[in-house]
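Visitor: Can you walk me through this structure? Start with whatever term I need for reading the side chains.

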Amino acid sequence: MLKIAIQKSGRLYEDSIKLLKECGIQLNNGNKQLKTVADNFPLEVYFLRDDDIPQYVFDAVADVGIVGENVLLEKNKDIDLVYRLGFGKCRLSIAVPKSMQYNSIKDLEGLKIASTYSNILQKYLDEKKSNAEIHEISGSVEIAPGIGLADAICDLVSSGSTLFTNGLKEVEVILRFRSSVDS
Ligand code: ATP
Ligand code: ZN
């Protein structure tokens, strides 16, 4: 039995389910349970938080997983990226309050950046020789500057509307996650 791990709910859920359907796989349990077995194929589907998927695949609890490349990079497990599926396109960026004067990464010296991507961010700061401090949080990153938790954020961006509604502006793009359907 082949085992696949997909996101339980969130931005990757619909497209992951659609992909399985397009492969002719019939699932009838929805995502109410942690796992389900396909009706017409020897496939077991695990519904998980995206952050946990790389570990499940690394531990061989799942044979394959569908997850954002951002999560794959941040978790840094020894597992292979075998295929880019073409959905979930986004970029990882640093954003600061709109009112802040920003010219270069030097403007972040000594400041605090809230992020869930501390490994990727630390690597970027090291490359840029920045001593900005990372404040690791697990969610709702975009409100951090507004509540005085941090001076800046590093988070995923697609349209930029979430940044805008939280009074932030994108100032550095750390990584662009390609959505092309290749390996
Ligand atoms: P979970 O509850 O599974 O931990 P999550 O809140 O961490 O979910 P989602 O917001 O559902 O994750 O995003 C899942 C993935 O969708 C991201 O890791 C990323 O690869 C992709 N994605 C595409 N666009 C965006 C965006 N604008 N913001 C966040 N993630 C995006
Ligand atoms: Zn997550």
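Guide: Burial, then: a residue is buried under 20% relative accessible area, exposed over 50%, and partly exposed in between. The model is predicted.

Visitor: What coordinates the zinc ion (ligand 2)?

Guide: Asp50 and Asp51 do, each through OD, at 2.0 Å.

Visitor: Switching to sheets. What is the strand order in the one with five strands?

Guide: The order is β7-β6-β8-β5-β9, in an open sheet with mixed pairing. β7 (133–136) and β9 (168–177) are the edge strands, each pairing on one side only. On average, neighbouring strands of this sheet are turned by 30° against each other, direction ignored.

Visitor: In which sense do β6 and β7 pair?

Guide: Parallel, over four bridges; β6 covers residues 112–115. The bridge partner of Ser115 in β7 is Glu136.

Visitor: Which helix lies across those strands?

Guide: Helix α4, residues 118–127, lies across β5 (90–97), β6, β7, β8 (152–157) and β9. Helix α4 runs at about 95° to β9.

Visitor: Which residues touch the most other members in the largest nonpolar core?

Guide: Ile94, Leu108, Ile113 and Ile174, out of 20 residues in that core. At least two residues of this core come from each of β5, α4, β8 and β9. Another core, of 11 residues, lies apart from it and includes Leu20, Ala38, Leu43 and Ile66.

Visitor: What tends to happen to nonpolar side chains in general?

Guide: In soluble globular proteins they tend to be buried together.

Visitor: Back to sheets. What about the one with four strands, which order does it have?

Guide: It is open, in the order β2-β3-β1-β4, and its pairing is mixed.

Visitor: Why is one side of β2 and of β4 left without a neighbour in the sheet?

Guide: Because β2 (35–37) and β4 (64–65) stand at the edges, each with a single partner strand.

Visitor: How many bridges are there between β2 and β3?

Guide: Three, and the two strands pair in the antiparallel sense, with β3 covering residues 43–48. The bridge partner of Val37 in β3 is Glu44.

Notes: Residues numbered from 1 in each chain as written. Chains lettered and ligands numbered in written order. Predicted model: local features only at pLDDT ≥ 70, side-chain atom pairs only at ≥ 80, totals over all residues. Heavy atoms only, no water. Pairing = 2+ DSSP bridges. Axes fitted to C-alpha atoms, helices over the stretch in contact; angles between N-to-C directions. Contact = heavy atoms within 4.5 Å. Donors = N, O, S within 2.8 Å, 3.2 Å for Na, K, Ca; no water. Core = buried A, V, L, I, M, F, W, Y, C linked by side-chain atoms within 4.5 Å. Buried < 20%, exposed > 50% of the residue type's maximum accessible area, 1.4 Å probe, protein only.
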